[in-house]
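Student: I would like to learn how to read some local features in a model. Could we start with side-chain pairs and go on to helix packing and the backbone?

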Amino acid sequence: MEKDATKEQSSSISDGQTAPVRPEYERYLELHQAFQGTPHKKLLRKLDWRPLPTLSVLSNAGNARIFGFAEDANMTPTQFNLGLMVFFFTYGLWEPVSNVLLRRLGPKIWFPVIVTAWGTVTTLTCLVRSFGGFVAVRLTLGISEAGLYPGSYFILSMWYTPKELATRMAIFYGADTAAGAFSGVIAYGVGHLDGNHGYTAWQWLFLIEGVLTVAIGLMTFVFLPHFPHQYDEKRTTKWLTADELEYAKLRVKYASRPNAGTYEFQWSDVWAAAKDRKTWLMMMMFWWGGSIPTYSLSYTLPTMVRNLGYSAIRAQALTTPPYIFATIIYVLNGWLSDRFQRRYASIMTCYTVGLCGIIMLWITVHHPNVSGVSYFAIFIAAAGYSAQAPIVSAWASNNMPNPSKRAASIGLLMLFGSVGGGGIGSNIYLAEQAPVYPLGFGFSVCATVLGAMIPATIHWWLMRRENKKREVLDADRMLAEHTADELSSMEEYSPLYRYTL
């Protein structure tokens with residue numbers, strides 16, 4: 001349960017100083033009081049059970065490789081890796097564009113379009129027979145799949161308050177990882193379909209996952225709600241009452257401060273996100289500490305498990321437990337991050353766990369007689385590196401109250417995370433270096449420490465320093481010098497705003 005926001009948010013940071021308020025904010029305080037206790041829990045249950053964009057069926061190129069996809073498509077290992085890499089150029093470049101379109105069109109229009117297109121392209125991958133065809137499919141898939149992660153994070157930030165966000169982002173990300181885990185199970189079963197009806201195992205793999213994704217995309221049109229602020233007298237909904245819908249909108253809008261900004265889209269907000277130091281520091285964390293090790297592990301995991309001495313089909317099945325373990329860990333980490341509101345501590349814990357796992361794996365792959373320890377290290381590395389993603393996104397969302405700026409910032413940080421992380425991560429575990437992969441392991445360790453842990457610490461220190469400066473400001477003078485509109489337009493730069501650390 002949240003603290004008494006009626007008392008807490010109607011005052012400034014200094015005791016006894018009252019900030020200027022608007023009628024809409026007064027309505028929020030009235031609703032917040034009415035939704036204490038059971039009504040608040042009931043609303044959260046409705047939000048939690050409403051189908052969210054957990055559309056996490058991946059193209060599964062890593063699994064297809066073991067089943068001879070590269071060989072059947074007449075590709076060398078180098079060409080296969082290049083095909084994986086080009087995906088991230090269209091994927092990353094389209095992420096901020098997709099989030100801007102999502103902000104303009106709304107999720108109920110934009111998401112069914114991109115998910116259905118994504119599934120269609122995945123299905124057609126079963127027809128690929130050349131390197132050129134693989135590149136064309138991967139570039140197209142990048143455009144259609146680009147909106148899923150940044151869009152889903154942004155949608156969640158429009159329905160949940162900052163204190164609830166990390167848990168829900170972790171649950172969403174957990175659904176994606178679970179889908180990746182069960183992709184291994186599907187691949188294990190599909191391995192026995194090799195040759196049926198003239199299709200190879202990898203063709204069956206793309207066909208089944210593509211058709212499932214198309215079906216999910218069509219269902220999304222029915223079950224995915226609009227943004228809360230898009231509902232009005234003409235556009236209504238039955239899954240929330242009128243008061244629940246109004247409170248759902250206002251509680252997010254006024255979660256951080258009594259003088260909230262506008263919900264109208266403005267292109268200047270996109271430019272403001274691009275210029276913001278916070279966007280770039282978060283991008284570094286998402287890129288070097290998340291995308292590179294996560295993508296490299298996901299694409300190499302089936303091959304890496306097979307190198308421990310398991311058959312190709314059994315290797316597919318053994319990729320599932322690490323993902324299930326990772327799902328449990330980062331849902332727990334997301335809950336703890338919300339519970340104690342310590343984003344930096346949660347993220348650094350993730351980096352440390354992932355780093356320990358990758359170092360342990362790096363050491364043990366040199367000793368084939370301890371393959372069980374190597375397999376355990378995969379669990380640790382997968383859990384640590386995966387768990388950081390929802391917390392990084394939640395931290396970015398927490399400290400950008402303007403929805404348009406937040407959408408653009410999430411899209412931008414994922415742009416570089418996808419292009420840089422995916423492009424690099426899919427090419428550092430070289431086939432000719434198996435099973436010890438000196439380049440892959442060494443690069444992952446350096447990327448985590450230099451590219452993620454140091455920027456995270458700088459980001460935390462700068463915001464902590466700013467919070468301390470604002471703590472000593474004369475609140476009386478701030479309230480006398482600025483109108484409600486001026487305080488609203490300042491957004492997170494308002495002297496009354498406090499960053500989440």
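Tutor: Start with Asp-276, which has a relative accessible area of 5% and is therefore buried, the limit being under 20%. Keep in mind that this is a predicted model.

Student: Which residue does Asp-276 meet in a salt bridge?

Tutor: To call a salt bridge, look for a side-chain nitrogen of Lys or Arg within 4 Å of a carboxyl oxygen of Asp or Glu. Here the partner of Asp-276 is Lys-278, with an N to O distance of 2.8 Å.

Student: Is Lys-278 buried or exposed?

Tutor: Lys-278 is buried, with a relative accessible area of 3%.

Student: How many salt bridges does the rule give?

Tutor: The count comes to 15.

Student: Which parts of the chain does the pair of Glu-244 and Lys-46 tie together?

Tutor: First the contact itself: the side chains of Glu-244 and Lys-46 form a salt bridge at 2.8 Å, N to O. Glu-244 belongs to helix H12 (residues 242-253) and Lys-46 to helix H3 (residues 38-49), so the pair ties together parts that are 198 residues apart in sequence. Glu-244 is buried at 5% relative accessibility, while Lys-46 is partly exposed at 24%.

Student: Where do Glu-30 and Arg-27 lie?

Tutor: Both are in helix H2 (residues 23-34), three residues apart, which is about one turn of the helix.

Student: Which residues are linked with Arg-27 and Glu-30 in a network of salt bridges?

Tutor: Asp-243 and Glu-246 are linked with them in that network.

Student: How should I describe the packing of two helices?

Tutor: Two packed helices are described by the angle between their axes and by the distance between the axes. For H2 and H12, the axes come within 9 Å and cross at roughly 115°. The crossing is left-handed.

Student: Which residues of H2 meet H12?

Tutor: On the H2 side they are Glu-24, Arg-27, Tyr-28, Leu-31 and His-32. They meet Asp-243, Glu-246, Tyr-247, Leu-250, Arg-251 and Lys-253 in H12.

Student: Next, the backbone. Which peptide bond is cis, with omega near 0°?

Tutor: Read omega for the bond between two residues: the bond from Ala-434 to Pro-435 is cis, with omega near 0°. Pro-435 sits in the loop between helix H19 (403-425) and helix H20 (438-471).

Student: What is phi of Gln-341?

Tutor: Phi of Gln-341 is near 55°, a positive value in a residue other than glycine. Gln-341 lies in the loop between helix H16 (320-340) and helix H17 (343-364), and is buried at 17% relative accessible area. Glu-491 also has a positive phi, near 55°. Glu-491 is in the segment after helix H22 (484-490) and counts as buried at 14% relative accessibility.

Methods. Residues numbered from 1 in each chain as written. Predicted model: local features only at pLDDT ≥ 70, side-chain atom pairs only at ≥ 80, totals over all residues. Heavy atoms only, no water. Helix = DSSP H or I, 4+ residues; strand = E, 2+ residues; numbered from the N terminus. Buried < 20%, exposed > 50% of the residue type's maximum accessible area, 1.4 Å probe, protein only. Axes fitted to C-alpha atoms, helices over the stretch in contact; angles between N-to-C directions. Left-handed = near helix turned anticlockwise from the far one by under 90°. Contact = heavy atoms within 4.5 Å.
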